Amino acid sequence: DVPYISQLHPTRAVVGCEPTALLMGLQYKGSATDVSLKTFLDAMPKTETDPAKGFAGSPYTPSEKIRTTIYPKALSDYANTYMSNLTRDISGSELEDIKKELLSGNPVLIYATMWWNKPYYREFTIEGEKQWLLRNNHAVLLTGYDAKDQNFYVADPYNKNSPTTPYFYWISESKLKPIYDERKWAVAVGEVPITLEPVPSIPESLDPLMPA
């Protein structure tokens, strides 16, 4: 039941997929519910070229020179200004950990690729330093997991063919996993899932444990 937000309509933020996808998760959890996408984007920390410090460039304007994105830690820190400690940068998590988040009711933003295509890289300059970075970057919000069919449910903010229509779909784990594993960048929205430790078995009789 995640509320859908488009990055193309009514606010056209062509390269603003990361904050748009995360805002869906925030609003689902009761944070920033009265905040429009434009307000959320405009208040986001900005930087000229370094996505680790804020959104590099503008979420409204594509660029061939700037790696227009914001990295998970910077995005999570910004989101937490609306509700403290609601989001967590869980980058590095395995897909099994993502499933635990989803099955605990926590939407998860993951960094993927546009149309789930094969990742490709090109050189960008980050604060004077040349880096090879993923060029066809995209971010979506995972909102569910079907363990039986091994499919993830996706809320994708970029519905190019029908910008006014909510864009939800299922994607197979086999297709999602290699794209996610390329970087393993993710932001979870919600409290840390509770992991119950197995209860140790109790022997029927303590006699065998007694010294002879």
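A: Start with burial: a residue counts as buried when its relative accessible area is under 20%, as exposed when over 50%, and as partly exposed in between. Phe124 has a relative accessible area of 2%, so Phe124 is buried. Keep in mind that this is a predicted model.

Q: How much of the chain counts as buried?
A: The chain has 212 residues, and 49% of them count as buried. Its C-alpha trace spans about 80 × 40 × 35 Å along the principal axes. Five helices and ten strands are found in the chain.

Q: Where is Phe124, and which residues does Phe124 touch?
A: Phe124 belongs to strand 5, residues 121-126. Another case is Arg183, which lies over the face of Trp185 at 4.9 Å from the ring centre.

Q: Is Leu141 buried or exposed?
A: Apply the cut-off again: the relative accessibility of Leu141 is 0%, so Leu141 counts as buried. Leu141 lies in strand 7. Beyond its neighbours within four places in sequence, its contacts include Val2, Ala21, Met24, Pro107, Leu109 and Tyr153.

Q: What share of contacts in the chain joins residues 24 or more positions apart?
A: Take the contacts with a separation of 6 or more; residues 24 or more positions apart account for 61% of these.

Q: How do I read a pair of aromatic rings?
A: Look at the distance between the ring centres and the angle between the planes: centres within 6.5 Å make a pair, and planes over 60 degrees apart make it edge-to-face. By this rule there are eleven aromatic pairs. In one of them, Tyr78 and Tyr82 are 5.5 Å apart centre to centre with 85 degrees between the planes, an edge-to-face pair. Tyr78 counts as buried because its relative accessibility is 8%, while Tyr82, at 27%, counts as partly exposed. The ring centres of Tyr145 and Phe152 are 4.7 Å apart and the planes are at 45 degrees, so this pair is tilted. Tyr145 and Phe152 are both buried.

Q: Which residues do ring pairs link into a cluster?
A: The cluster consists of Tyr4, Tyr153, Phe168 and Trp170.

Q: What should I look for in the backbone?
A: Most residues other than glycine have a negative phi, and most peptide bonds are trans. Gln150 has a positive phi, near 55 degrees, and is not a glycine. Gln150 sits in the loop between strand 7 and strand 8, and is partly exposed because its relative accessible area is 46%. Lys184, also not a glycine, has a positive phi of about 60 degrees. Lys184 is in the loop between helix 5 and strand 10. As for the peptide bonds, a cis bond joins His9 and Pro10, with omega about 0 degrees. Pro10 is in the segment before helix 1.

Q: How is a pocket found, and what lines the largest pocket?
A: Rolling a probe the size of a water molecule over the atoms shows where empty space is left. The largest pocket holds about 270 Å³ of space. Its lining has 15 residues, and Val15, Arg67, Met114, Arg135 and Asn137 lie nearest its centre. Six residues of the lining are nonpolar, five are polar and four are charged. Helix 1 and strand 7 each supply at least two of the lining residues.

Note on methods:
Residues are numbered from 1 along each chain as its sequence is written. This is a predicted model: local features need pLDDT of at least 70, side-chain atom pairs count only at pLDDT 80 or more; totals for chains, interfaces and linings use all residues. Side-chain values use heavy atoms; hydrogens and water are left out. On a 1 Å grid over the protein atoms alone, a cavity is a set of points where a 1.4 Å probe fits but cannot get out, and a pocket is an open set with protein on both sides within 12 Å along at least five of seven lines; lining residues have an atom within 4 Å of a point. Grid points are joined across faces, edges and corners, and a volume is the space filled by probe spheres set on the points. Helices (H or I, at least four residues) and strands (E, at least two) are DSSP runs, numbered from the N terminus. Ala, Val, Leu, Ile, Met, Phe, Trp, Tyr, Cys and Pro count as nonpolar, Asp, Glu, Lys and Arg as charged, and the others, Gly among them, as polar. Rings of Phe, Tyr and Trp (its six-membered ring) pair if their centres lie within 6.5 Å; planes under 30 degrees apart count as stacked, over 60 as edge-to-face and the rest as tilted. Buried means under 20% relative accessible area, exposed over 50%, partly exposed in between (1.4 Å probe, protein chains only). A charge sits over a ring if NZ of Lys or CZ of Arg is within 6 Å of the ring centre and within 35 degrees of the ring normal. Contact means heavy atoms within 4.5 Å.
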